[in-house]
Every structure is written in C-alpha cells, then in structure tokens.
Amino acid sequence: MARNDPFSQHIDWLTLVLYLGCITMGWLNVYAAVYSPEDHTSLFDMSTNAGKQMMWIGTTVILITCILVINHKFFDSFAYLFYAFMILMLVLVLFLGSNINGSRSWFKFGGFSIQPAEFAKVATALALAKYLDVPGMNLTRQKDLLRIGGLIALPCVLILASNETGSTLVFASFIIMLYREGLPGWIPAVGITIAALFVLALVFPKLYIFAGIAVLFGIVVLLMPRYNRTTSNLISMALVGVGMMIIVTGVDFFVNNVLQKHQRNRIKVLVDPTIDPLGVGWNVTQAKIAIGSGRLQGKGFLEGTQTKFDFVPEQSTDFIFCTIGEEHGFIGSAVVIALFLGLLARIVILAEKQRSKFARVYGYCVAGIIFFHVMVNVGMTIGLMPVIGIPLPFFSYGGSSLWSFSILLFIFLKLDSRRTALMRR
C-alpha cells in the first residue's frame, strides 16, 4: 500500500470502533426521533433529518480520509492559521449569518447551515496545543497565563456576541487540559467555589449561606496549627470569607440584571422544575417524562410515544437522549453512557502515551470537550443541568456538530498514529 493510504495508517482501532458505534447508534436514534408510523419514512429519505444525517455521515467519511492522508506536521504548522481563519469566520457570521432560534451564528447555504462556533473549538484546541508546546512555556507564569486566557477568551467573546451561550460555556472544558499541564490548583478551585456559591445562593437563603461560611472558616481556624495562626493568615482568611459573601450577595443582581430573560427562566426551572410546567418548564418536564417512561428495558425501537407525538422539543438535536431513554430504557441509556466513558478513557490513555507535548495537549482538549458536551447534554435532559442547547456528540442531528467532533477526534488519531508508527519501526 502507498505510504499515505489512510487504511495503512497505524490508527487506534479501539477508538475507531467506539466512534463507529456512536455514529451508528446516533443515526438510528435520529431516525427514531423523526419516524412517523403513518408515513413509514425510510432511513434514507432525504426529506427527513435521518436522511440528511446519512448524507452528513457520508461527507464526514471524506473529511476523515483527508485528515488521515495529510502529513501529521500539517496540524502543528498551521494551527495558528486555522485559529485565525475561524476567528475571521466568527466575526463574519455576526454580520452575514442567518438568525436561527434567536442566534446569529449560522451561515446558510440553501437548505443546509454551518455553524462556525462548532469548528472554533477545534481551532482553539490546536492553537492551545501549539502554544503550550513552546519551549520554556510555564503555566505558573503570569505572562503565559494571560496569553492562554486570550486564546480562549477571543472566540468566547465572539460566540457570545452571536447569542450562543451554550457553545461559549464549552470553552470552560479546556481547564481540564490546563490543569493536567501544570495550571496552579487554586485557579480551578476558585472557579469551582464560585460555581458552588452561585448554585447555593439560588437554592438557600443568604443568611444560611453566610452562617455556613462563618462556621466553615471557624472549623478551619480551630484545626489550623498554632504556628499558622498568624495575624496575616487570619486576615487573608477573613478577606476570602468576605469575598465569598460578596459573591453570594451579587447572584441576584447577576441573574436579574445581566442574564437575558430566557437564561433566567432556565435557571429558575433548574432550581424549581415545577415553577411553570406548561411554560418555561415544558422542555425539561417532557424530557424527564420521556426518559422515565422507558423504565428498565424501554418501549422498543420506533415505539416511543413521547417522541412520536412531538411532546419532546428538539427531539433529534439537543434532546436526542430522550429518544434513547424512552425506547431503550435504563439499559440502553447505560450502554450509551458506557460507550462515551470508554471513548473518553481511551482518548486519555492515548494522550498520556504521546511523545509529543503538542499531541498530548490536543488529546486532553479533545477529551475535555467531549466530556463537557456529554455531561451537560445528558444532565439537562434529566433536570440536573440548565438547558443551554449543546448537542450530544455523534448522536445529535446536525452537520456542523458531526463534522466538528469527527475532525476533532480524527486529528488526534492522526497524531497518535505517528507515535504508533515510530514504535513499530
């Protein structure tokens, strides 16, 4: 075989099998979501999402082949150029894009649409891998942290400007990679603490939270060795406690004056799902009913009633997991989650084996992005996460989503194939 024949590459076959499993199950569930008993629509009917998804799968095969025949050095050499190009696309879509569901983040071509925000994640992952591969780069140095923050913040600002909050939040997944590469632990700890305080402030009265903070710091002081109970340490702890209370106090202002109305409603539904079951809470209520009705074994393929009668919104895209839960039950849902966990574990294992820091960093970016999507998408359908409208990788209908996740994964497999080839020489 020719050296650049994609089928002669040292591709990790286990990852490929897991990917094909996700793609196949995703396509079948898209078909189940749009299937009509009266029309008996075909899997290949191009007028339905299932038929269009099959077309996207076909074009994805072409993209994968192109990635596998390209020299692995291409992705390192042109990482910044790809990033700059995607930044340009994010700017252009603000002026030339079509408004779909309140978001100006799509380029529309006839009956098809492309969302640059999906590909911006790939470009940012490559740019971060390129920068972190620079000799002497140190994540404990302020200059490097600011530059990395800028690489992440720029696409986030542009995506947020197009009213795509969900896609913006996905960029938080890069914290997993940064922590692996030496990011000081206090930075993610601060982020987790702020998120926890935000949720607590929505659920409990502020006085209870203030009392809890005071008790917590009192316990820390009592358990602290005497030689550490210096005036400066106690003042520092007191300032941290005051800062936490300020954050709790500012939650109401942030929710009521910064967030948009639909974002406030999603948070209210997350805190109290019964607040408006026929209005803002309809999506989550119907999603939970659909999944719960599947019980242990599910109703059977193409037998889902909640899905068939359009009770579940966006049933072939953001809420595709409802179809899995209703038709295949707890067992089917567990299989899908196990499939994703297996894929994530394999990506992390391969990332740790990389000889190149560029490939390792990029591998962790891939794992972080997929993990964030799965966690939030599944979580929002069962009421554990706010509805922010991000797809389930390889399952949700959509060409942009399928293309971006496939490109994201197979660039890493191409980089890993280089490592495997060198080991076998």
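Which residues are buried in α4? Here are a few friendly notes to read alongside the structure, which is a predicted model.

1. Start with the answer. The buried residues of α4 are Ala79, Tyr83, Met86, Ile87, Met89, Leu90 and Val93. They sit on the same side of α4, because the arc they cover around the axis is only 155°.

2. Now look at the other side of α4. There you will find Leu81, Phe95 and Leu96, which are exposed.

3. What do the buried residues of α4 pack against? Their partners are α3 (73-77), β2 (103-109), α5 (116-132) and α6 (142-161).

4. Val199, Leu200, Val203, Phe204, Leu207, Tyr208 and Val271 make a nonpolar patch of about 690 Å². Two elements, α9 (186-203) and α10 (206-223), each give two or more residues to this patch. Helix α9 provides the largest share, three residues.

5. Finally, pick out one member of that patch. Leu200 is part of helix α9. Is Leu200 buried, partly exposed or exposed? Its relative accessible area is 35%, so Leu200 counts as partly exposed, a class that lies between the buried limit of under 20% and the exposed limit of over 50%.

Technical notes
Residues are numbered from 1 along each chain as its sequence is written. This is a predicted model: local features need pLDDT of at least 70, side-chain atom pairs count only at pLDDT 80 or more; totals for chains, interfaces and linings use all residues. Side-chain values use heavy atoms; hydrogens and water are left out. Buried means under 20% relative accessible area, exposed over 50%, partly exposed in between (1.4 Å probe, protein chains only). Helices (H or I, at least four residues) and strands (E, at least two) are DSSP runs, numbered from the N terminus. The arc is that of the directions from the helix axis to the C-beta atoms. Contact means heavy atoms within 4.5 Å. Patches are made of residues with over 30% relative accessible area and no salt bridge: like charges are joined within 9 Å, nonpolar side chains (Val, Leu, Ile, Met, Phe, Trp, Tyr) within 5 Å. Accessible areas come from the Shrake-Rupley method with a 1.4 Å probe; for residues, only the protein chains shown count as cover. A salt bridge is a side-chain nitrogen of Lys or Arg within 4 Å of a carboxyl oxygen of Asp or Glu.
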